[in-house]
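Please open the model in your viewer, with the sequence panel beside it, and keep a selection tool at hand. The stops below are meant to be taken in order.

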Amino acid sequence: MFNIQKQQVLDAFQFRSACRAYDPAKKISEEDFAYILELARLSPSSVGSEPWKFLIVQNPELRQKLKPVSWGMATQVDDCSHLVVILAKKNARYDSDYFRKVLERRGLSEEQIAQGMAKYKSFQTEDAHIADNERTLFDWACKQTYIALGNMMSGAALIGIDSCQIEGFSYDAVNQILVEEGLVDPNDYGVSCMVTFGYRAKEIKRKSRKAMDEIVQWVK
């Protein structure tokens, strides 16, 4: 069904490294970036919640506002082709209208929706213990966004596009800037992480990783 070879995927993972310096003269095409965004959209999430939004920040003035409070991308924000701020849903409780809409999108009957809501309640209150704490619930949503983040970065590497995940920033300051710009409703979404995309300006040192036997334990 698929023509891609395992070695091609491994080569892409070896190629992918945190890019700290982008070539400002090289920009990602609309077609290629649409592909990266489609990888995010198609990503899996816990109970199919999809608790994310993606802000593509191409406005130079807004990038400059973010730069002083985002030390992790200080060397990238001016030259990267695309900057993505990934937002996570707040208060995604089992009994919220948000989760009802998740089930409605699947074309379920009212009975099936009720069963689904009951399953979500059991998961959030009895299994994961996240329903009664706003911060814990937000952290759970943030974890889902990292699945999309990984898929975007890996998929980009497969077509030769560089990226760098960003956590080095003041979350309060970035959230405030985006709220003031009218881009985020603070009652609805908050910043989870950011990621830059583009083409490296210079070669990147080969990555270092732990050996397989340090991280894998087989249970037979």
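**Before you start**

This is a predicted model, in which local features need pLDDT of at least 70 and side-chain atom pairs count only at pLDDT 80 or more, whereas totals for chains, interfaces and linings use all residues. Residues are numbered from 1 along each chain as its sequence is written, and side-chain values use heavy atoms, with hydrogens and water left out.

**Stop 1: the whole chain**

Helices (H or I, at least four residues) and strands (E, at least two) are DSSP runs, numbered from the N terminus. Followed along the sequence, the elements come in the pattern α-α-β-α-β-α-α-α-β-α-β-α. The C-alpha atoms fill a box of roughly 55 × 55 × 35 Å, taken along the principal axes. Of the 220 residues, 40% count as buried, a term that stands for under 20% relative accessible area, with exposed meaning over 50% and partly exposed in between (1.4 Å probe, protein chains only). Among contacts (heavy atoms within 4.5 Å) between residues at least 6 apart in sequence, 79% join residues at least 24 apart.

**Stop 2: the annotated stretch**

Next, select residues 16-199, which UniProt lists, in an unreviewed entry, as "domain: Nitroreductase". UniProt positions are given in the numbering used here, feature names are shortened, and annotations may be inferred rather than shown by experiment. Over residues 16-199 the chain is 43% helix and 15% strand, and the end C-alpha atoms are 11 Å apart.

**Stop 3: the largest nonpolar core**

Now show the side chains of L66, L83, V85 and M194, which touch the most other members of the 39-residue largest nonpolar core. Such a core is a set of buried Ala, Val, Leu, Ile, Met, Phe, Trp, Tyr and Cys residues joined through side-chain atoms within 4.5 Å. At least two residues of this core come from each of α3 (60-66), β2 (82-89), α4 (97-104), α5 (110-127), α6 (134-158), β3 (162-166), α7 (171-180) and β4 (189-198). Which element gives the largest share of this core? Helix α6 does, with five residues. Apart from this core lies another, of 17 residues, including A148, L149, C193 and Y199. In soluble globular proteins, nonpolar side chains tend to be buried together.

**Stop 4: L66**

Centre the view on L66, a residue of helix α3. Is L66 buried or exposed? L66 is buried, because its relative accessible area is 0%. If you leave aside residues up to four places away in sequence, L66 touches V57, M73, L83, V174 and I177.

**Stop 5: helices α2 and α6**

Select helix α2 (residues 30-41) together with α6, which pack at an angle of about 145 degrees with their axes 8 Å apart. Axes are lines fitted to C-alpha atoms, for helices over the stretch in contact, and angles run from 0 to 180 degrees between N-to-C directions. In this pair, Y35, I36, L37, L39 and A40 of α2 meet A148, N151, M152, G155, A156 and L158 of α6. The residues of this contact divide into nine nonpolar, two polar and no charged, where Ala, Val, Leu, Ile, Met, Phe, Trp, Tyr, Cys and Pro count as nonpolar, Asp, Glu, Lys and Arg as charged, and the others, Gly among them, as polar.

**Stop 6: two residues with positive phi**

Go to E50, in the loop between α2 and β1 (52-56). Phi of E50 is near 45 degrees, a positive value in a residue other than glycine, and E50 is partly exposed, with a relative accessible area of 31%. Then move to N91, in the loop between β2 and α4. Phi of N91 is near 55 degrees, again positive in a residue other than glycine, and N91 is partly exposed at a relative accessible area of 33%.

**Stop 7**

Select S170 in the loop between β3 and α7, where S170 is partly exposed, with a relative accessible area of 31%. The C-alpha atoms of S170 and V191, 21 residues apart along the chain, are separated by 10 Å. Finish at A114 in helix α5, which counts as partly exposed because its relative accessible area is 46%. Between the C-alpha atoms of A114 and K89, 25 residues apart along the chain, the separation is 22 Å.
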